[in-house]
Amino acid sequence: MSTDDVPAGDRFEWWGRLMRDEVMAVSMASERPAHFRAGADSIKGGPSTKVSALYLSPSLGVRTHAQIRRHDPEDYYLFAVRGGRIGLEQDRTTSWFRAGDLGLYSTSRPLEAAFRGGREVRVEMIRLPRALLPLPLDTVDRLLAERLSPRTGSGALLDRYLSGMLRRAQECGPAELPWLGSVAADLAVTFLAGLLDSARAVPSESRKQALLARIDAFIESHLSSADLRPAAIAEHHHISVRMLHALFQERPETVSAAIRRRRLERCRADLTDPRLRHRTVGEIGLGWGFRHPADFSRAFRAAYGMPPGEFRHTAPHGGRTRA
């Protein structure tokens, strides 16, 4: 959704209506309403979870007691600033957020938000309904409008997951999006619980999904290592190999199968990359963790119906293909 599809004279009012319908009602002001631009991409991850990416021109938004009384969706929003600056005042706390900062606001309390910096402000956020948040709400409210560091383990993982989920959403099928949204919510709850030292209040299912997300991120970043095996993954996450396999039982593939599939996807993309024509098929396999060219060839043929060398000669080479 973008103001680019709306007549210039109607854009500012249109954006205000969109925010009212999709987030909450706010009163907006801009020094240059005739030049205002904004847009949003949203992913519904189930009946209660939504992840959104927004950009908007410098402006001001105010939510009042009267607007809350008329309608309150009773949501928290955990947000990550990607560009520009946001000044947020809520519950007697005022902070300025810059790119890389995380923050939290509530639709149930008055607020004032100033969007500043350059041509536009960019922010990503996840909706967390108050009724479904398994944390003491009076302590959660202490975090409103505070700058929350993404440098904790769960904060860094949540930060990367949000941006990666929004970038790759178009590659996902409709059945995957609810699961991705639930993982985002679990990571957000785990992050907030860590800040509040309330980890015991987080349901075991949320802790399990957060652990799986950390494992997935670890696998993704170590695919090129030939030593990436279940034992190494379990040791890094301080769990037993048996527990690791149990975590994957609800998934359609085992740990080893997931590693092999992801490696093969990277190899297939490299085989169609014209910039890598100088690398042999064997070198590409070794570069993604296959110890022996013969093992790589057998696995590739089993997955794609032909050996990697034949695939390289028959596949188009206009650029990288999506796995």
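**Basis and confidence**

Residue numbers start from 1 along each chain as its sequence is written. Because the model is predicted, local features need pLDDT of at least 70 and side-chain atom pairs count only at pLDDT 80 or more, while totals for chains, interfaces and linings use all residues; side-chain values use heavy atoms, with hydrogens and water left out. pLDDT is the predictor's confidence in each residue, on a scale from 0 to 100. The protein averages a pLDDT of 86, and 92% of the residues score at least 70. Over residues 318–323 pLDDT stays under 50, and for this stretch the model has 15 contacts beyond four places in sequence. Contact here means heavy atoms within 4.5 Å.

Helices (H or I, at least four residues) and strands (E, at least two) are DSSP runs, numbered from the N terminus. Two strands pair if DSSP finds at least two bridges between them. Buried means under 20% relative accessible area, exposed over 50%, and partly exposed in between, with a 1.4 Å probe and protein chains only.

**The sheet E1-E4-E9-E6-E7**

Five strands form an open sheet in the order E1-E4-E9-E6-E7, and their pairing is antiparallel. Strand E1 (27–29) and strand E7 (93–98) stand at the edges with a single partner strand each, so one side of each has no neighbour in the sheet. From one strand to the next the twist averages 15 degrees. Angles are taken between N-to-C directions and run from 0 to 180 degrees, with axes fitted as lines to C-alpha atoms, for helices over the stretch in contact.

Strand E6 (residues 85–90) pairs with E7 in the antiparallel sense over six bridges. Within this pairing, Glu89 stands opposite Thr94 in E7, and Gly87 has Trp96 of E7 as its bridge partner.

E6 and E7 form a hairpin with two residues between them, and Asp91 in the turn has a positive phi of about 55 degrees. Arg92 also lies in the loop between E6 and E7. Its phi is near 65 degrees, a positive value in a residue other than glycine. His238, in the loop between helix H7 (230–236) and helix H8 (241–247), has a positive phi of about 60 degrees although it is not a glycine.

| Residue | Relative accessibility | Class |
|---|---|---|
| Arg92 | 86% | exposed |
| His238 | 74% | exposed |
| Gly84 | 25% | partly exposed |

Gly84 lies in the loop between E5 and E6. Leaving aside neighbours within four places in sequence, Gly84 is in contact with Phe97, Arg98, Ala99, Arg116, Gly117, Glu120 and Val121. Gly84 and Pro58 are 26 residues apart in sequence, with 8.9 Å between their C-alpha atoms.

**The sheet E2-E3-E10-E5-E8**

A further open sheet has five strands in the order E2-E3-E10-E5-E8, with antiparallel pairing. Its edges are strand E2 (38–44) and strand E8 (102–106), each with a single partner strand, so one side of each is left without a neighbour in the sheet. Here the twist averages 20 degrees from one strand to the next. Strand E5 (residues 75–83) and E8 pair in the antiparallel sense over five bridges, and the bridge partner of Leu78 in E8 is Leu104. Helix H1 (residues 11–22) lies across E2, strand E3 (50–56) and E5, and runs at about 165 degrees to E3.

The expected span of a helix is 1.5 Å times one less than its number of residues. For the 16 residues of helix H4 (residues 153–168) this gives 22 Å, which agrees with the 22 Å between its end C-alpha atoms. Buried residues of H4 include Ser154, Leu158, Tyr161, Leu162 and Met165.

Helix H9 (residues 255–271) has 17 residues and reaches 25 Å from its first C-alpha to its last, close to the expected 24 Å. H9 is mostly covered, with 13 of its 17 residues buried. H9 and helix H11 (residues 293–304) pack at an angle of about 90 degrees, and their axes are 11 Å apart. The two helices H9 and H11 are therefore roughly perpendicular to each other, a class that takes in angles of 65 to 115 degrees, beside roughly parallel (under 35), roughly antiparallel (over 145) and oblique (the rest). Arg260, Leu264, Glu265, Cys267, Arg268 and Leu271 of H9 make the contact with Phe296, Ala299, Phe300, Ala303 and Tyr304 of H11.
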